[in-house]
Every structure is written in structure tokens, then in C-alpha cells.
Amino acid sequence: MMETSKQVKILVENLSLQYSDGIESLKNVTLPFYENRINVLLGPSGGGKSSLLRTLNRLNDLADVKEISGKVLIDGVDILSPSTNVIELRRKIGMVFSRPVVLPMSIRENITYGLELEGEKNRTKLEDAVERCLHQAALFDEVKDRLDDSANALSGGQKQRLCLARSLATEPEVILLDEPTSGLDPVSTLKVEGSLESLKENYTIVLVPHSIQQAGRTSDYCAFILQGELIEHLPGNLMFTNPKIQKTKDYVEGRFG
Amino acid sequence: MNNSENEYGRRKFIEKAGIIALGGMTILTIAPIFFIVGYIIYQGSPAISWEFISGFPSDGMKAGGILPALVGTIYLTVGTAIFSVPLGIGAAIYLSEYAPDNNITRLIRVAIINLAGIPSVVYGLFGLGLFVLFLNFGTSILAGSLTLSIMTLPIIISTAEEALRAVPQSFRLVSVSLGGTKWQTIRRVVLPQALPGIITGIILGLERAAGETAPILFTVAAFFLPRLPSTPFDATMALPYHLFVISTQVPGMPVKIQFGTALVLLVFTLSMNLIATTIRSRARAKREW
């Protein structure tokens with residue numbers, strides 16, 4: 001791996017989050033995410049990984065959050081501040097969910113949707129975006145002849161790659177992926193992982209993997225989160241060979257979780 | 001062994017008897033519908049002719065056609081739609097997408113449900129008080145449409161809200177995560193998906209309005225008018241009220257005309273019902289979630 005000097009793209013500082021049903025989801029988490037790297041959030045489910053992910057694009061605004069404190073600095077700007085333009089923020093941060101949810105439209109419209117929300121009407125620009133994003137998500141060859149078909153006709157793996165392509169249309173700087181391959185077969189999973197590997201050249205990637213093995217395959221940096229707390233944050237290779245904390249070791253070796 | 005075989009036979013008998021009993025109840029439920037419709041067609045169809053549809057009543061309503069009543073009912077249905085559709089959809093969108101989940105919202109929902117339970121004659125009386133007298137619209141299509149709108153609104157609001165809520169939350173999340181505002185999300189994703197359900201609710205609501213007698217009794221309906229209404233401030237004849245009049249108020253009325261009128265009203269409302277059902281089943285077949 002080319003070890004160019006790594007740059008912090010997102011800095012989470014002392015982030016705590018509590019939902020109104022009393023569940024404390026994150027406890028005083030401080031964690032950097034690096035540019036042009038795959039940043040993996042590892043840990044058992046219900047530990048707060050998704051909450052952290054959804055804080056980064058303020059999607060948690062839609063959930064029943066009771067209290068949130070701390071800072072999330074993206075390029076040095078705290079996006080939790082009330083003056084943040086969340087629409088602008090979400091365009092800058094693409095997101096892929098664990099279930100491949102295609103919008104009830106054609107393949108093409110799924111990709112142009114984000115751009116059309118911005119008011120983009122230029123046909124050429126929209127067409128270019130469709131082609132570029134489908135290439136980036138390694139889906140173009142499979143769907144190029146049926147762009148106007150309903151996206152729902154695609155297979156699960158294709159749908160998820162369409163979701164990835166869709167999230168790239170607004171030219172984001174960060175891509176958040178919440179267990180993007182949890183419902184996919186191994187071949188589709190490898191295709192998605194392959195796309196991430198090439199996408200990281202241009203993006204900051206934050207990935208919640210669906211297995212420890214996937215974390216091992218993909219992570220440049222890996223944060224182990226347990227019950228809302230950051231236990232350890234290490235470069236990926238060290239995380240799986242030489243973690244410093246016993247809990248981490250137990251988890252990556254499969255003794256719990 | 002013998003004993004358990006007996007037991008098995010007994011259970012099988014009970015099973016069969018149960019199916020027959022339940023099936024019989026179903027037949028008893030739908031039989032009156034077929035009987036009513038069949039009887040009205042049998043008695044009414046001899047009256048149906050172009051003259052009946054397009055002519056004015058004559059000979060003290062004992063002959064001639066029902067044009068003014070038919071036109072009046074169409075006007076009232078359209079008038080009701082003009083007021084109740086935008087209001088109803090707007091309220092449904094607010095309740096489903098924007099309203100906070102608190103006691104006030106719950107109170108509003110309860111009020112809407114109860115509004116649907118108010119007897120229609122009470123709506124009529126209310127319309128008389130508010131629209132005809134207080135707002136001084138007189139007995140007019142305007143007053144009648146407004147009264148019918150109030151009666152139709154709860155149906156439209158509840159079905160539309162239900163249709164909106166049925167759209168998966170994940171669509172909303174995706175749209176918002178792509179930088180959509182709430183309104184963009186509603187307009188581009190939620191509404192198109194909910195539209196068939198909303199339209200079905202609208203049609204069913206309007207169908208009820210078209211067939212009601214009590215709400216128009218005090219607010220718009222005329223016993224007999226020799227001409228068609230020309231402005232929203234005119235009174236008009238209407239099919240349900242006309243049917244009431246020729247069935248009870250006119251001695252020596254030919255049965256054929258009574259049932260002919262009933263048949264026209266029935267076809268009017270049933271065809272609306274048919275349209276609603278078609279829209280719903282088409283949309284279900286096309287739906288992708």
C-alpha cells in the first residue's frame with residue numbers, strides 16, 4: 001500500500017449520543033477518519049456503529065435522538081452545529097444502506113435522482129453521470145442496455161451496486177456504507193469490495209462491514225466499537241495481527257460477538 | 001387405536017361442518033346485494049332510454065326524464081371534489097409526514113375518525129346553519145358541495161394518510177440521504193407511490209357524497225326545477241333526493257320511473273366504485289414493495 005501521508009477527513013470528537021428511549025448509543029467517542037482510506041467500524045451489532053455512521057451525514061436528525069454532544073469536524077467544520085446546511089452536507093456524503101433499497105423508478109432515474117434534486121436539468125450532464133457512476137460501481141456492462149427498465153428487476157447484488165452508483169452521482173467526498181453486503185452472495189460481495197478498493201483513490205470511505213473477515217479484507221484503518229465505546233483504533237493489518245487490548249483480540253479471534 | 005380413529009373422524013366432521021357453516025354465512029351476506037341489484041335492473045331497465053337520460057320530467061314528474069337530477073348530481077360530485085380533494089390530501093400529507101407524534105396529533109386523528117361517524121342528516125343541518133343561512137349562500141350548489149365536502153373529508157383524509165404511511169420508510173431515508181428536502185422526498189417519491197391509494201379513497205368518498213340524500217336535503221336540493229342550474233349559487237335537483245321525492249311525494253308514480261331513477265343512481269355510484277377498484281388492483285400489481 002502506498003503510504004502517502006494520510007490526511008484526516010473527518011474528526012469525531014467526544015461524541016456522545018442518546019436516543020429518547022433511553023438507549024445510550026455512543027459514549028464519548030473520539031476517532032479520525034482518513035482521506036483515501038477505507039475506514040472500518042468493527043464491533044458487535046447494537047454497539048452504535050450505525051448511529052455513528054448516521055451522525056456523519058446527520059441522517060440521525062430523522063431519528064428520535066434525545067441528546068447529542070461533542071463535535072464532528074469534516075474538513076475542520078463542525079457539522080453538528082445548528083447552522084450546518086444539512087442538504088449540502090448530505091450531497092457531500094454518500095450513503096449506502098444494508099438493505100439494497102432502490103427507488104421505485106428506472107435504473108437511470110435512480111442515479112439521476114440526487115442530481116435532479118439539486119435542479120440539474122442538463123441532459124448531457126445527467127447522461128454522463130449515469131455512465132460514470134455505473135462504471136465506478138462496476139455495474140455498467142450488466143445494465144447498459146436496459147437503463148430505462150425498472151430498477152426493481154435487478155438482482156440483489158446489482159441493486160446494491162446501483163445504490164452505490166446512486167450515492168456517487170452527487171460527487172460526494174465521503175461514502176458511508178452500512179453493512180452493504182449483508183444480503184449478498186459471495187461473488188457480489190467481492191464485486192462491491194473491489195469497487196470500494198478503487199473508489200478509495202478519490203473518496204474517504206467509512207465502512208461498517210458485515211463480518212470480521214470482510215473487515216480484515218478491506219480495512220486500511222479499523223476502529224473497534226463495543227457498546228458505544230471506542231475500544232481501539234489501529235491500522236487494519238495491526239488490528240487483526242497484533243491488537244493491544246485483550247477485548248479486541250478476543251473479538252477479532254471470534255471469542256465473542 | 002379404534003378410539004383415536006373415532007376421534008379423527010369426529011374432528012374431520014367438525015372441520016367440514018365449520019366450512020359449510022362459514023360458507024353459508026358468506027352467501028347470506030352477499031345474496032341481498034345480488035338480489036337488490038338484480039331487482040332494480042329488472043324493474044328499472046324498461047324505463048331506460050335516451051329520452052329518460054336526456055329529458056326533463058313532465059306530467060307532474062310522472063313521465064319524462066331525469067336530466068336535471070343527473071346533471072345536478074354530477075355538479076355536486078364535482079363541486080365536492082373541488083373542495084375536499086385538495087383539503088383532504090393536504091391534511092393527510094401533514095398528518096402522515098409532518099405532524100409530531102404527540103397528544104394534539106392524536107386528538108386530531110380521533111376527531112377525524114369521529115367525524116366519519118356523524119350521521120349524515122347532522123351534516124345537512126350543519127350545512128343549513130353555516131353555509132345556507134350564516135354565510136348566506138342560500139340553497140345552492142355551493143352550499144351543498146361544501147356540506148358534502150365536510151362529510152367526505154374524513155374518508156379522504158384517512159385513506160390518503162393510510163396510503164402515505166404504507167410507503168416504506170426506507171424510500172424516505174434514501175431520498176433524504178441523497179440530499180432531498182422533506183418536500184422533495186414527498187413530491188418525488190412518497191406521493192407517486194401513494195397516489196393510487198389516495199385516488200381510490202377520493203373516489204370512494206365522492207361516491208358516498210353522490211349517493212347521499214340527507215346532507216343535500218336542506219342545502220341544495222330542489223323538488224322540481226324546469227331548467228338546469230347555471231351558477232354555483234343556483235339550487236339544483238339531484239338523483240338521491242329526486243328518488244326520494246318520486247317514491248314518497250308523488251301519488252300515482254309509475255314504478256318503472258322510480259326504479260329507472262334508482263338504476264341510474266346505482267350505475268353512477270357503482271361505476272365510480274369499479275374505477276376505484278380497478279385503479280387499486282392495477283397499482284397493486286405494479287407495485288414494487
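This is a predicted model: local features need pLDDT of at least 70, side-chain atom pairs count only at pLDDT 80 or more; totals for chains, interfaces and linings use all residues.
**Where the chains touch**

I began with the contact: 15 residues from chain B meet 19 residues from chain A. Contact here means that two C-beta atoms, placed from the backbone, lie within 7 Å. On the chain B side, helix 7 (169-177) and helix 8 (182-211) each supply at least two residues. Helix 7 of chain B gives the most, with 6 residues. By class, I noted 7 nonpolar, 7 polar and 1 charged residues on that side of chain B. For the classes, Ala, Val, Leu, Ile, Met, Phe, Trp, Tyr, Cys and Pro count as nonpolar, Asp, Glu, Lys and Arg as charged, and the others, Gly among them, as polar.

Residues are numbered from 1 along each chain as its sequence is written, while chains are lettered from A and ligands numbered from 1 in the order in which they are written.

**Chain B as a whole**

I looked up the elements next and found 11 helices and 2 strands in chain B. Helices (H or I, at least four residues) and strands (E, at least two) are DSSP runs, numbered from the N terminus. The order in chain B is α-α-β-β-α-α-α-α-α-α-α-α-α.

Then I checked the overall form. Chain B has a radius of gyration of 24 Å, whereas a compact globule of 289 residues would be near 19 Å. That radius is taken over C-alpha atoms, and the globule rule is 2.2 Å times the number of residues to the power 0.38. The C-alpha atoms of chain B fill a box of roughly 75 × 70 × 35 Å along the principal axes. Chain B is split into domain 1 (2-38) and domain 2 (66-286), with bounds from an automatic or database domain assignment. The C-alpha centres of these two domains lie 39 Å apart.

I also saw that 40% of the 289 residues of chain B count as buried. Buried means 20 or more other C-beta atoms within 10 Å of a residue's own, exposed means 12 or fewer, and partly exposed is in between, with C-beta atoms placed from the backbone.

**Helix 6 of chain A**

This one spans residues 156-168, and at 1.5 Å a residue its 13 residues should span 18 Å; the end C-alpha atoms are 19 Å apart, which agrees. The expected span is 1.5 Å times one less than the number of residues. I found 12 of the 13 residues buried, so helix 6 of chain A is largely enclosed by the rest of the structure. Among the buried ones are Cys163(A), Leu164(A) and Ala165(A). The partners they and the others pack against include strand 6 (93-96), helix 3 (107-117) and helix 7 (186-199) of chain A.

**The nonpolar core**

Ala165(A) turned up again here: with Cys133(A), Leu176(A) and Val206(A), Ala165(A) touches the most other members of the largest nonpolar core, which has 137 residues. Such a core is a set of buried Ala, Val, Leu, Ile, Met, Phe, Trp, Tyr and Cys residues joined through C-beta atoms within 7 Å. Among the residues touched by Val206(A) are Phe33(A), Leu41(A) and Leu176(A).

Arg58(A) has a positive phi of about 55° although it is not a glycine. Arg58(A) counts as partly exposed because it has 19 C-beta neighbours inside 10 Å. Glu171(A), in the loop between helix 6 and strand 7 of chain A, has a phi near 50°.

Technical notes:
Lists of a residue's contacts leave out its neighbours within four places in sequence.
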